[in-house]
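Here are my notes on this one, as numbered points. Have the model open while you read.

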Amino acid sequence: MAKTDDSKNYKVIAENRRARFDYFIESDLEVGIVLTGSEVKSLRTGQSNIAESYASVEGGELWLINGYIAALPHAGVFGHEERRRRKLLVSRKELARLWQAIGREGMTLVPLVMYFNHKGRVKLKIGVAKGKKVADKRETSAKRDWNRQKQRLLKQG
């Protein structure tokens, strides 16, 4: 994946920074997303948000729920709903693994990053995550603060 990040076509559209603070990310998976033409044009201008969204396995398919993609004013009758459910493309084997993680292990599917890959296609990276408790969040915050302070001390000394 690191090779594609250097490509001139790679571009991050939306990022869910809060996800790593609220969840322990066990693993992540790159999935495709089914979009209409007006949605892709809107994404090219960077008008989207995945912070309040989540993924769900329903009816043997994977769906992105509550993802926001702004409507284009000049799209007319060919426009789209801003917060419609969008189908995510994943193999049956991966879908079974995700369904098992959600059902048996109590995990959540959290969108992490939406981006254009090196071929110019919209991809979504979803994380299989477990929710953090308040104490865990405090611990994460304390570690981050200590690392910052340590870097400052090393820089001065």
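1. A quick term before anything else: a contact means heavy atoms within 4.5 Å. On that basis, residues 24 or more positions apart account for 68% of the contacts in the protein with a separation of 6 or more.

2. Some ground rules. This is a predicted model, where local features need pLDDT of at least 70 and side-chain atom pairs count only at pLDDT 80 or more, while totals for chains, interfaces and linings use all residues. Residues are numbered from 1 along each chain as its sequence is written, and side-chain values use heavy atoms, with hydrogens and water left out.

3. The layout: I count 5 helices and 9 strands, taken as DSSP runs numbered from the N terminus (helices H or I, at least four residues; strands E, at least two). Read from the N terminus on, the order is α-β-α-β-α-β-β-β-β-β-α-β-β-α. The C-alpha trace spans about 60 × 40 × 30 Å along its principal axes.

4. Burial next. Of the 157 residues, 34% are buried; buried means under 20% relative accessible area, exposed over 50%, and partly exposed in between (1.4 Å probe, protein chains only).

5. Now the inside. A nonpolar core here is a set of buried Ala, Val, Leu, Ile, Met, Phe, Trp, Tyr and Cys residues joined through side-chain atoms within 4.5 Å. The largest has 24 residues, and Leu-62, Leu-88, Met-114 and Leu-124 touch the most other members. Elements giving two or more residues to this core include strand 1 (11-15), helix 4 (92-103) and strand 8 (108-116), but strand 9 gives the most, with 4 residues. Apart from this core lies another, of 6 residues, with Val-110, Leu-112, Val-113 and Ala-129 among them.

6. Do click on Leu-124. Leaving out residues up to four places away in sequence, Leu-124 touches partners including Leu-29, Ile-50, Leu-64, Leu-88 and Met-114.

7. Which rings make up the aromatic pair? Tyr-10 and Tyr-115, with centres 5.3 Å apart and planes at 40 degrees, so the pair is tilted. (Rings of Phe, Tyr and Trp, its six-membered ring, pair if their centres lie within 6.5 Å; planes under 30 degrees apart are stacked, over 60 edge-to-face, the rest tilted.) The two are 105 residues apart, with Tyr-10 in the loop between helix 1 (2-5) and strand 1, and Tyr-115 in strand 8. Tyr-10 is partly exposed at 22% relative accessibility, whereas Tyr-115 is buried at 1%.

8. Last stop, Gly-120, in the loop between strand 8 and strand 9. Gly-120 is partly exposed because its relative accessible area is 24%. Its C-alpha atom is separated by 9.8 Å from that of Lys-8, 112 residues apart along the chain.
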